[in-house]
Amino acid sequence: MNNKRLLNALNLKENDHRPIWIMRQAGRYLPEYRKVREKYSFREVSETPELAAEVTLQPLKRFEFDASIIFADIITPLKAMNINFDFSPGPIIENPINNPRQIDALPDKFYEVAPEVQASLKLVKSELKSHQTLIGFGGAPWTLAAYLIQGKGQKDFPAIRRFASEHPESLQSLLTKLSDLSIQYFKEQIDSGAEVIQIFDSWAGLLSIKDWQTWIQPHLLHIVSALKASNIPVILFLQNANHLVEYYCELPISGIGVDWRVDLSKLQSKLKDHIAVQGNLDPAILLAGPEITKKYAINLLNSIDPKGHIMNLGHGILPNTPIESVHALIEVIKNER
Ligand code: CP3
């Protein structure tokens, strides 16, 4: 047995207890993170390797998590495509894409995608304990394009759905450029010490199955296949995409992360000995405090076979989450098989 629980779970091997990490584990629910953010903007933190490493490691100093996820954002690599953006708190794109000419003008060759993320990964890796796994990540092409075209987060992202109907060839060209950028970005992260890659397709749920086959499937297949040679497990995370989960699971991936709307135990029985499952406690439950968190976490764990289960929330931890609720999760993980 490898002592890295996350890698064991992704390889569907036994563990002494299930691995746990939490999406957005370095973030605003931690007073020490808020303190750093009083002095520095989100961009300053994510683009300064010492600061990014410091906040990445903050949750691991408090909680016995099995993994650390590097502090950056899904839109961080877009800088290499000459896209300017900021955060408030979500991404704001300076010149949103609204015509094919802008897509033609985007580069399709990149020298180094994000050297500062590589530097942060190396710093964090040197501080991890032997049982902790370093996760690299990025956004899936569709989810990145949703921000690029809408310009910011917006309910149901109508701009990209309109663009798909007006300029289908141009959207394919954008998704291809984003896939190539992502492949290079993931390879850089692997070279700098990432042991797992998680791809966030947060806005996948906007599409029908047929549109998913057009806009998402070929690009994800291209990315995941390009990473096969590096032998690094890939986890795909989706949100609000119950109707698409089974199609994602046909991709050559090691793990699937889903939000709380999905019945994880049913999904696991369909995938047995094939793909690990990650999730999926509703992050809002943690707001109710440690006792209620424990009750719901125990119920979740009891419904899922520990082999190939990675404990996580169904989406990012909320900024007003009590620290005690996170301690309660760790306690449950250690006590329940
Ligand atoms: O701890 C971690 O999980 C690693 C760091 C991380 C961030 N963003 C830092 C961040 C990761 C993995 C992401 C992924 C990300 N970013 C996704 C995919 C996951 C998801 O949420 O579905 C998406 C869609 C984004 C885009 C984004 N960035 C949004 C929507 C927001 C605002 C949301 C919020 O929580 O307010 C951001 C900003 C952002 N990215 C913050 C953090 C810690 C908050 C910034 C702050 O401190 O003010």
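User: How does the lining of the largest pocket divide by class?

Analyst: In this predicted model, the lining of the largest pocket has 24 nonpolar, 12 polar and six charged residues. Here Ala, Val, Leu, Ile, Met, Phe, Trp, Tyr, Cys and Pro count as nonpolar, Asp, Glu, Lys and Arg as charged, and the others, Gly included, as polar. Residues are numbered from 1 along each chain, and side-chain values use heavy atoms, without hydrogens and water. Local features need pLDDT of at least 70 and side-chain atom pairs 80 or more, while totals for chains, interfaces and linings use all residues.

User: Which residues lie nearest the centre of the largest pocket, and how many line it?

Analyst: Rolling a probe the size of a water molecule over the atoms shows where empty space is left. A pocket is an open set of points on a 1 Å grid over the protein atoms alone, where a 1.4 Å probe fits, with protein on both sides within 12 Å along at least five of seven lines; lining residues have an atom within 4 Å of a point. In this structure, 42 residues line the largest pocket, and R24, R28, F42, D73 and P89 lie nearest its centre. The largest pocket holds about 1,100 Å³ of space, the volume filled by probe spheres set on the points.

User: Which helices and strands each supply at least two residues of that lining?

Analyst: They are α2 (31–39), α3 (42–47), β2 (85–87) and α7 (141–150). These are DSSP runs, with at least four residues for helices (H or I) and at least two for strands (E).

User: What surrounds the ligand?

Analyst: The ligand takes the space of the largest pocket, as more than half of its atoms lie within 2 Å of the grid points. Its shell has 24 residues, with R24, R28, Y33, S202 and H315 the closest; a shell residue has a heavy atom within 4 Å. By class, the shell has 15 nonpolar, five polar and four charged residues.

User: Where are oxygen atoms of the ligand 2.4 Å or 2.9 Å from side-chain N or O atoms?

Analyst: Polar contacts pair N or O atoms within 3.5 Å. An oxygen atom of the ligand lies 2.4 Å from such an atom in the side chain of R28, and one lies 2.9 Å from a side-chain N or O atom of R37. The protein covers 89% of the 870 Å² of accessible area that the ligand has on its own, by the Shrake-Rupley method with a 1.4 Å probe.

User: Which peptide bond at P89 is cis?

Analyst: Most peptide bonds are trans. The bond from S88 to P89 is cis, with omega near -20°, and P89 is in the loop between β2 and β3 (91–93). Another cis bond joins G279 and N280, with omega about -5°; N280 belongs to strand β8 (residues 276–281).

Notes:
Polar contact = N/O pair within 3.5 Å; in protein donor to acceptor, adjacent residues only side chain to side chain.
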